[in-house]
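Q: Hey, can you walk me through this protein? I'd like to hear about its core and its disulfides.

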Amino acid sequence: MRLNLHQNTLEDLHNLMLATGTNEFAAVADQSFLGRSALNANTNWQSLLGGSNDDAGWIVLALWKIADYKGSRGQDNSAYLSSATKVYNIIAAQWDSQCGGGVWWSTAHTYKNAITNELFLLLSAEGYIRGFGQSYLDNAKKTWTWLSGTGMRNSDNLWNDGLNFNDCKNNGQTTWTYNQGVIAAGLASLSAATGDKSLLDQAELTLDATIAHLSTNNILRESCDNAVSGGAVCNQDQQIFKGIWTKHLQFYLDRANDPARTAKYSGWLGSQTSAVFHFGTNADNLVGSVWYAPNQLDKFSDCEQGGSIFTPKTDASGLAAHIAAAKYGPC
């Protein structure tokens, strides 16, 4: 099971129900693998995570969103909150002095990367806001201090994937869209926790760079996206990255709580949801991996022969874009 994809979809469904006030997917959490694990007090989270610290971060976000939903409906959410704390503590224990700090991508201790530490920043700042104590805020502050000094943010204000193991320098690897969204959400949460509005400006350097450098026709485009067959194809992880970016732009705007900043990105979110519907969605109402252009058709058979692929992960990605635009896009 790919835990990051599983939990992101769970988070999306509960984000949707919280936004709409509906309960259509109310039974999903407790019946899911993650839910059953959270409800079992004997779950060995170390074993379940398999050493993956970035998966652990996604899991905490999902557990919190489920807990938020249950709490809003007057239901017991204590097992989800307790499980989230256990997983958070596993991540926090993975911080050490290699490369001057930071959490390892996995317990193999071979890589320090952007996403794992961006998630730790977000979780730590959010945990403080949720009332879990000063140690969470201390972790958030030290994580941003470390991230901002690593050089992982390049001259375009985009975050590359991580650091070289041997010299702790920016490895120059792909600037995936999700790296640019999660850092913005983390900085907005840290801003909300500290009152430091300059952190929002730091976040928008990267949000604006995403729009400038990681889009085609004003629509998000992953480096592995190609509307024409025979080109690059995103793998199972990469298929959900654009949706994560839009979801974390929503979370950024939630915590920024600033009408001017919302107005700045409202039209952009509207363009994404429109593209998902008009370009990304096929006749069966499934969302594909490519949003920036229509999936190319075979001129002889009128069948889809393009580079877009249709999977549960690409559906979840499109859903995240629709939810973010429903909350903050144009009326």
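Q: Anything to know before we start?

A: This is a predicted model, where local features need pLDDT of at least 70, side-chain atom pairs count only at pLDDT 80 or more, and totals for chains, interfaces and linings use all residues. Residues are numbered from 1 along each chain as its sequence is written, and side-chain values use heavy atoms, with hydrogens and water left out.

Q: Okay, how many residues are in the largest nonpolar core?

A: The count is 43. A nonpolar core here is a set of buried Ala, Val, Leu, Ile, Met, Phe, Trp, Tyr and Cys residues joined through side-chain atoms within 4.5 Å. Buried means under 20% relative accessible area, exposed is over 50%, and partly exposed is in between (1.4 Å probe, protein chains only). Leu121, Trp144, Leu147, Leu190, Leu249, Tyr252 and Trp291 have the most contacts inside this core.

Q: Which elements each supply at least two residues of it?

A: Among them are helices H7 (114–129), H8 (134–150) and H9 (177–194), as well as strand S2 (219–220). Helices (H or I, at least four residues) and strands (E, at least two) are DSSP runs, numbered from the N terminus. H9 gives the most to this core, with six residues.

Q: What does Leu190 touch?

A: Leaving out residues up to four places away in sequence, Leu190 touches Leu121, Ala125, Leu137, Ala140, Lys141, Trp144 and Leu199. Contact means heavy atoms within 4.5 Å. Apart from that core lies another one, of 41 residues, including Leu34, Val60, Ile66 and Phe241.

Q: Switching topic: how many disulfides are there?

A: There are two, taking a disulfide as a pair of cysteine sulfur atoms within 2.5 Å. Counting bonded cysteines along the chain, the pattern is 1-2, 3-4.

Q: Where does the link of Cys99 and Cys168 sit?

A: Cys99 is in the loop between helix H6 (78–92) and H7, and Cys168 is in the loop between H8 and H9, so the pair ties together parts that are 69 residues apart in sequence. Their sulfur atoms are 2.0 Å apart, and the link is left-handed, with -75 degrees about the S-S bond. Cys99 counts as partly exposed, at 22% relative accessibility, and Cys168 is partly exposed at 22% too.

Q: And Cys224 and Cys234, buried or exposed?

A: Both are buried. A disulfide joins Cys224 to Cys234, S to S 2.0 Å. The torsion about their S-S bond is about 95 degrees, so this disulfide is right-handed.
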